[in-house]
Amino acid sequence: MDLNADLGEGFGIWRLGDDEALLDLITSANVACGFHGGDPSTMRRVCAAAAERGVAVGAQVGYRDLAGFGRRHITYAFADLRDETTYQLGALDAFCRPYGTRVRYLKPHGALYHAASVDESQAAALIAAVDDYDRDLPVLCAPGSVLAQLATGAGLRVVAEGFADRGYLPNGTLVPRTALGALVTDPEQVAARAVRMATEQTVVAVDGTVVPCPVDSICLHGDTPGAVASAELVRAALLDAGVALTPFA
């Protein structure tokens, strides 16, 4: 199983989450590319630290929305979203190369993640950017999403992702962040959910129903309360359950 986290989301003098501590615990780093969060110095710092630890670097591409942290939906023309995604891929890759690594996968962030799960145009724009930039890049996204379906149809590798620290609805989608139950903040509960995802490929929804959750990577949000404590428990619990941790890319 792969453990991924969203990193490098600070900007200027502002730091969001403990990137270095999380890099000691995860296997893949979704690094902000300067649109929803991050800046050139932050991107360089996180890429250097990830390379030093052997953590795979992925481009976490988002809407051009620093003020809203990429969590506000933006209607894009296909070509504009394709080109802005390509721009982000190239920017992050430039900071990987001095440290002997490279961008190894793409993952959309926030509102773009959710839009590409249901919107064919936005999903297709992401796929077109990967197709232009490097067809060997896997796409990390929700299983069964429109993005997953279109990427598979385009011959790209899809890596299914689950969220141990987010609430799920009975239909298998995430609880909206504005709704009750969106976040799971108890580290022990987060760890138990991660083990269940890895060993049973299921998750318990907010109404108590058991939902299929066939995933190859588990995301831990670096900006949630107690993120490092949760990641420590998740890693230990997975290893105790006999789950090997390795990057998918």
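A pocket, as I use the word here, is an open set of grid points with protein on both sides within 12 Å along at least five of seven lines, and its lining residues have an atom within 4 Å of a point. The model I am looking at is a predicted one.

**Entry: the largest pocket**

I started with the volume, which comes to about 370 Å³ for the largest pocket. Ala142, Pro143, Gly172, Thr173 and Leu174 sit closest to its centre, out of 18 lining residues. Which element gives the most to this lining? I found that α4 does, with four residues. Both α4 (110–118) and β6 (158–163) supply at least two residues each. Sorting the lining by class, I got 10 nonpolar, seven polar and one charged.

**Entry: the second largest pocket**

Next I looked up the second largest pocket, with a volume of about 300 Å³. Its lining has 22 residues, and those closest to the centre are Gly110, Ala111, His114, Arg166 and Arg177. Helix α4 turned up again: it gives the most here, with five residues. I also noted β4 (103–108), which like α4 supplies at least two residues of this lining. By class I have nine nonpolar, six polar and seven charged residues.

**Entry: the nonpolar core**

Last, I turned to the largest nonpolar core, which holds 72 residues; Leu92 and Ile218 touch the most other members. Helix α7 (residues 187–200) gives the most to this core, with six residues. I then listed the contacts of Leu92, leaving out residues up to four places away in sequence: Val31, Cys33, Met43, Cys47, Val57, Gly58, Ala59 and Val103.

Note on methods:
Residues numbered from 1 in each chain as written. Predicted model: local features only at pLDDT ≥ 70, side-chain atom pairs only at ≥ 80, totals over all residues. Heavy atoms only, no water. Core = buried A, V, L, I, M, F, W, Y, C linked by side-chain atoms within 4.5 Å. Buried < 20%, exposed > 50% of the residue type's maximum accessible area, 1.4 Å probe, protein only. Contact = heavy atoms within 4.5 Å. 1 Å grid on protein atoms, 1.4 Å probe; cavity = no way out; pocket = protein on both sides within 12 Å on 5 of 7 lines; lining within 4 Å. Points joined across faces, edges and corners; volume = space filled by probe spheres on them. Nonpolar A, V, L, I, M, F, W, Y, C, P; charged D, E, K, R; others polar.
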